[in-house]
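The text below goes through one structure step by step. Keep the sequence and the 3D view at hand while reading.

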Amino acid sequence: MIKLVDVEKTYFSKAGDIAALKKTNIEVKEGEIFGIIGLSGAGKSTLIRCINMLEVPTGGQVFVDGQELTAMNEGQLRKARQNIGMIFQHFNLLASRTVFDNIAFPLEIQGMPKEKIAERVRELLDLVQLTDRADYYPSQLSGGQKQRVGIARALASNPKVLLSDEATSALDPQTTKSILQLLRDINKRLNLTIVMITHQMEVVKEICDRVAVIENGVIIEEGSMYKVFTEP
Ligand code: ADP
Ligand code: ADP
């Protein structure tokens, strides 16, 4: 479902160039939950943002669902990105919009008709169990509820891939568990492919099928949870 071929990302600046990601090769199969772990500054964010081209790689190729994103123009990329949802540590919700309107937002941008949007948002609210909070504003929600809205919004256009950038890092352990439970549930139910970056080992151990360990922009280890965590 996802394939990175020799992907590189260098940030150029006058103070000195930073090779955040060196020739990186990753394959994630459909329906897999793939974890990327590493210390702060290792290149996790850069890597995950290369998958949806929020960061444009300075080298290599990115394939998602059989399409090469690195070969697309802006219009093609906008369309391809509907197939890739993303959730964030600080949720990135719009404060002036209700839960309903936050989830509706990407569908409005796509130009979906109003009645269809309403129907789709109801489905999504049901999926993340927030039907009774549709008219609340983000400030009136707990952290876990905010992330549920983030998940619903990320899934609005029915993507095959969900990218998670430290999605549970701002949450307490109990809430983290419930969000991971929801992600696993969605993964199974929708056969959604999930790539998550985290610095929390417990998170990876809880739900990932495979994991890559990144250090200074290089994947130093990759494989099943068993291989990475138990073999010498
Ligand atoms: P992580 O997510 O593992 O903390 P990042 O991908 O955010 O790591 O950062 C990897 C390296 O790239 C770090 O040295 C960071 O300072 C640098 N970096 C990240 N984003 C930028 C940017 N927009 N401009 C310049 N350097 C950046
Ligand atoms: P599979 O999951 O069946 O093993 P891969 O992981 O090899 O497939 O590839 C994932 C998708 O990316 C496939 O649909 C494949 O067509 C596409 N793909 C992979 N490598 C290339 C390439 N070098 N050029 C064009 N398409 C590619």
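At what angle do the axes of helix 5 and helix 6 cross? In this predicted model, helix 5 covers residues 143-155, and its axis and that of helix 6 come within 10 Å and cross at roughly 20°. Angles under 35 degrees count as roughly parallel. That makes helix 5 roughly parallel to helix 6. The crossing in which helix 5 passes helix 6 is right-handed. On the side of helix 5, the contact is made by Gly144, Gln147, Arg148, Ile151 and Leu155. Helix 6 contributes Thr175, Ser178, Ile179, Leu182, Leu183, Ile186 and Leu190. Sorted by class, the residues of this contact are seven nonpolar, four polar and one charged.

Spanning residues 173-190, helix 6 lies across strand 3, strand 6, strand 7 and strand 8, and runs at about 155° to strand 8. The sheet is open and has six strands, in the order 6-7-8-3-9-10, with mixed pairing. Strand 6 (84-88) and strand 10 (218-224) stand at the edges; each has a single partner strand, so one side of each is left without a neighbour in the sheet. On average, and with direction ignored, neighbouring strands of this sheet are turned by 15° against each other.

Within the sheet, strand 3 and strand 9 can be followed residue by residue. Opposite Ile36 stands Ala212 in strand 9. Another helix, helix 1 (residues 44-51), lies across strand 3, strand 6, strand 7 (161-165), strand 8 (193-198), strand 9 and strand 10. Helix 1 runs at about 160° to strand 8.

Strand 1 (residues 2-11) pairs with strand 2 (residues 18-28) in the antiparallel sense, over seven bridges. The two strands form a hairpin with six residues between them. In the turn, Gly16 has a positive phi of about 130°. Tyr11 stands opposite Ile18 in strand 2. Strand 1 is also joined by five bridges to strand 4 (residues 59-64), and these two strands run antiparallel. Here Glu8 stands opposite Gly59 in strand 4.

A further pair of helices remains. Helix 3 (residues 99-110) packs with helix 4 at an angle of about 125°, and their axes are 10 Å apart. That makes helix 3 oblique to helix 4. The crossing of helix 3 and helix 4 is right-handed. From helix 3, the residues Val99, Phe100, Ile103, Ala104, Leu107 and Glu108 meet Ile117, Ala118, Arg120, Val121, Arg122, Leu124 and Leu125 in helix 4. By class, the contact of helix 3 with helix 4 holds ten nonpolar, no polar and three charged residues.

Buried means under 20% relative accessible area. Ile117 has 7% relative accessibility and therefore counts as buried. Leaving aside residues up to four places away in sequence, Ile117 touches Ala104, Leu107, Glu108 and Met112. Glu206 lies 89 residues from Ile117 along the chain, and the C-alpha atoms of the two are separated by 34 Å.

Terms used: Residues are numbered from 1 along each chain as its sequence is written. Chains are lettered from A and ligands numbered from 1 in the order in which they are written. This is a predicted model: local features need pLDDT of at least 70, side-chain atom pairs count only at pLDDT 80 or more; totals for chains, interfaces and linings use all residues. Side-chain values use heavy atoms; hydrogens and water are left out. Two strands pair if DSSP finds at least two bridges between them. Helices (H or I, at least four residues) and strands (E, at least two) are DSSP runs, numbered from the N terminus. Axes are lines fitted to C-alpha atoms, for helices over the stretch in contact, and angles run from 0 to 180 degrees between N-to-C directions. Contact means heavy atoms within 4.5 Å. Angles under 35 degrees count as roughly parallel, over 145 as roughly antiparallel, 65 to 115 as roughly perpendicular and the rest as oblique. A crossing is left-handed if the near helix is turned anticlockwise from the far one by less than a right angle, and right-handed if clockwise. Ala, Val, Leu, Ile, Met, Phe, Trp, Tyr, Cys and Pro count as nonpolar, Asp, Glu, Lys and Arg as charged, and the others, Gly among them, as polar. Buried means under 20% relative accessible area, exposed over 50%, partly exposed in between (1.4 Å probe, protein chains only).
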